[in-house]
Amino acid sequence: MILAAKAGIRVFATGGIGGVHRGAEISMDISADLKELSQTPVTVVCSGVKSILDIPKTLEVLEYQGVPVFGYQTESFPAFFTNESGCKSPFVASTPLEIARAMICQYDLDGLNGQGILVGVPNPNPGDTVHIESAIHQALKEADLNKILGSAVTPYVLSRVKDLTGGASLEANISLVKNNAAVAADIAVEFAPLFRAAQEESNRNRKQSTKVFQSSELSPQIATLSEASGSVHLNDDSSAPSPLSSRSVVVFGGAVVDQMMTPLSSQPLLLHTSNPGNISYSYGGVGRNIAEGIAQLGTSTPYLVTAIGNDPNGVNLMRDCKSKGINMAFATQSTSNHSTAVYSAVHDHTGDLVVAIAAMDIFQRLLTPNVLKAQGHLQNILKSSCELVVLDGNISIELFSTVSAFCSQYDIPIFFEPTSVPKCTLPIASNCLHHVYIFFEYRVYNL
Amino acid sequence: MKPNTAELCALMAKCLINDKIPITNRSHVSKILSKYGETSPMNSQTSVSELVSDMRILGSGLLSIMNSKSNRPAPEFRKKSRCVIGKHLLISLGKYGILWIGPSSVIGKDADISITDHISSKHITNTPIENIVNTSGAGDSFCAGLISSLVAADGSGYGPNLLSIHQGMKYAEKSLISTSAVPK
């Protein structure tokens, strides 16, 4: 349990746990499992304790230790080889979600203890049960006769029972462990998203209370950056842990607000005047689109290093990217009057492009070498978890050069997407073509 | 032929001619340049196979430049923690599929044609899609699909490989039938 907790594993499946031995009032023989359950936040899914133990005393000790015990879809306390121990489970849970919610409550209350989940033995054959029970009693008698004591009792009894039942007890053991693992998996599946949300919530709460100190520490740095480049780097709460995956892909590229204008009528557009129609907005930009797709597919965490303006478009773009799972920790926001990039296009009623204006100046101005040089944390991500870097044609030649040199030094492959035909020469102009590992060209349309 | 296609071919050809690295088929490239360049009218009779074959020539020239200045001992060298072996050129031909030009050691027996000792090429066609809604974002979706597959490949294959290209194409297909650029 300790190792599971250290590894961040919250649900643990096993056959049975240890408990309080018969005659414990004399021998003080109590399993360390019960203590561990009170101080380690791991949920243990098991089929109770072996019937050779003193089950009522076990329940008392668990209650004394403050460990919640749930019977999973059963009211009785299973006893490993049988479902009827004669004792009842203190609480009952009928779905994995209920158990997951209880675990979240405990996390919210900063509880240190674990939970015990009791899963009944699958398909118990009454005949077998009686057979096994009598084998257990016989084995206990033999243990007594042979003066077997303390921690040697359990292995002796188990081995004797296996012999006496001709291996049936071992088969039963294996099948119940598999069943417990299935239940534990169901619980873990329900727990994971709730836990992630709870963690983010508590991170946010913590950040708010320390915000004052952080901003005063950072402000001299921000002031320097503003003077130099008219922009500030946003090391905000999206750089906090809990990424989708331990692998990451860093995308240096454009994030654009796309504005599509289409006429209502199917008549030809009238020039030099207003035509009634629809204007719709969506988020685009090659770099941003690729990052969104990577976030959707979930095999790695995308970081988008882009530039946005200090305007409503920028705010919305930022929010949208984060909601889609794109990590915006290293995005740069303009502190002067650069607007967020916008692509405004007029289409005719058939969907063909009539004319468009691309206002992408911000990328040439702000996606400069400073974006990499001034962000040490970004450099660390690149050196450690980053599997691949994506560059699109929106970045400046100088940044292309800087990133290429960095990636070459740290053995990170570069994927280049030119964005437009003229930009195909970007790696050549910056003399970095040999640093590009995958050159993707999608400008060849249907013939 | 759409302007972008001709423009792209002309641009690639120009780069190759201008670069000081010697390429094996310089005369071929010059011919292509005159076919697609500004001085001659765009030939609307160009067939897919002709375009593919021209692209193979231009692409392999580009790739040999990408390989030649490499400071790695061989293009195939790769540290195990990163997901790509060698240098690759992927050209999307829209509905005519993907043209992949890369190291022979990676493309292996799947290659259509070996262009040089080290460079092979494969043309991967896609199944035609009936109900295309919106082509914008298809290329970006392909990239996302390909990259996601590469990164997930736990050491069993350093790509691009056929699997990751197919994953990219699948994701691009989803984008084509969706109104948004990136499929949900």
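Start by selecting Phe400(A), Phe416(A) and Phe439(A): ring pairs link these three into a cluster. Rings of Phe, Tyr and Trp (its six-membered ring) pair here if their centres lie within 6.5 Å; planes under 30 degrees apart count as stacked, over 60 as edge-to-face and the rest as tilted. Over all chains, the structure holds eight aromatic pairs.

Some housekeeping before you click on: this is a predicted model, where local features need pLDDT of at least 70 and side-chain atom pairs count only at pLDDT 80 or more, while totals for chains, interfaces and linings use all residues. Residues are numbered from 1 along each chain as its sequence is written, chains are lettered from A and ligands numbered from 1 in the order in which they are written, and side-chain values use heavy atoms, with hydrogens and water left out.

**Two more ring pairs**

A pair of aromatic rings is described by the distance of the centres and the angle of the planes. Now pick Phe191(A) and Phe195(A). Their rings are stacked, 5.0 Å centre to centre with 20° between the planes. Both sit in helix α8 (residues 168-229) of chain A, and because they are four residues apart, about one helical turn separates them. Helices (H or I, at least four residues) and strands (E, at least two) are DSSP runs, numbered from the N terminus. The cut-offs are under 20% relative accessible area for buried and over 50% for exposed, with partly exposed in between (1.4 Å probe, protein chains only).

Phe440(A) belongs to strand β17 (residues 436-441) of chain A and Phe142(B) to helix α5 of chain B, so the pair joins two chains. Phe440(A) is buried at 0% relative accessibility, and Phe142(B) is buried at 3%.

**Across to chain B**

Stay with α5(B) and show helix α9 (residues 286-297) of chain A as well. How do the two helices cross? The axes of α9(A) and α5(B), residues 138-152 of chain B, come within 8 Å and cross at roughly 45°. That makes α9(A) oblique to α5(B). For the axes, lines are fitted to C-alpha atoms, for helices over the stretch in contact, and angles run from 0 to 180 degrees between N-to-C directions. Under 35 degrees counts as roughly parallel, over 145 as roughly antiparallel, 65 to 115 as roughly perpendicular and the rest as oblique.

The crossing of α9(A) past α5(B) is right-handed. A crossing gets that label if the near helix is turned clockwise from the far one by less than a right angle, and left-handed if anticlockwise.

Ala, Val, Leu, Ile, Met, Phe, Trp, Tyr, Cys and Pro count as nonpolar, Asp, Glu, Lys and Arg as charged, and the others, Gly among them, as polar.

**Within chain B**

α5(B) and α6(B) pack at an angle of about 145°, with their axes 7 Å apart, and their crossing is right-handed. Phe142(B) turns up again here, among the α5(B) residues that meet α6(B), where Met169(B) and Tyr171(B) are among the partners. The residues of this contact of α5(B) with α6(B) divide into 11 nonpolar, seven polar and no charged.

Not counting residues up to four places away in sequence, Ser180(B) touches Ser136(B) and Ser175(B).

**Two loops in chain A**

Most residues other than glycine have a negative phi. Select Lys147(A), with a positive phi of about 55°, in the loop between α6 (126-145) and α7 (153-164) of chain A. Lys147(A) is exposed at 68% relative accessible area. Then try His272(A), with a positive phi of about 60°, in the loop between β8 (256-263) and β9 (277-284). His272(A) counts as exposed too, at 83%.

Definitions and conventions. Contact = heavy atoms within 4.5 Å.
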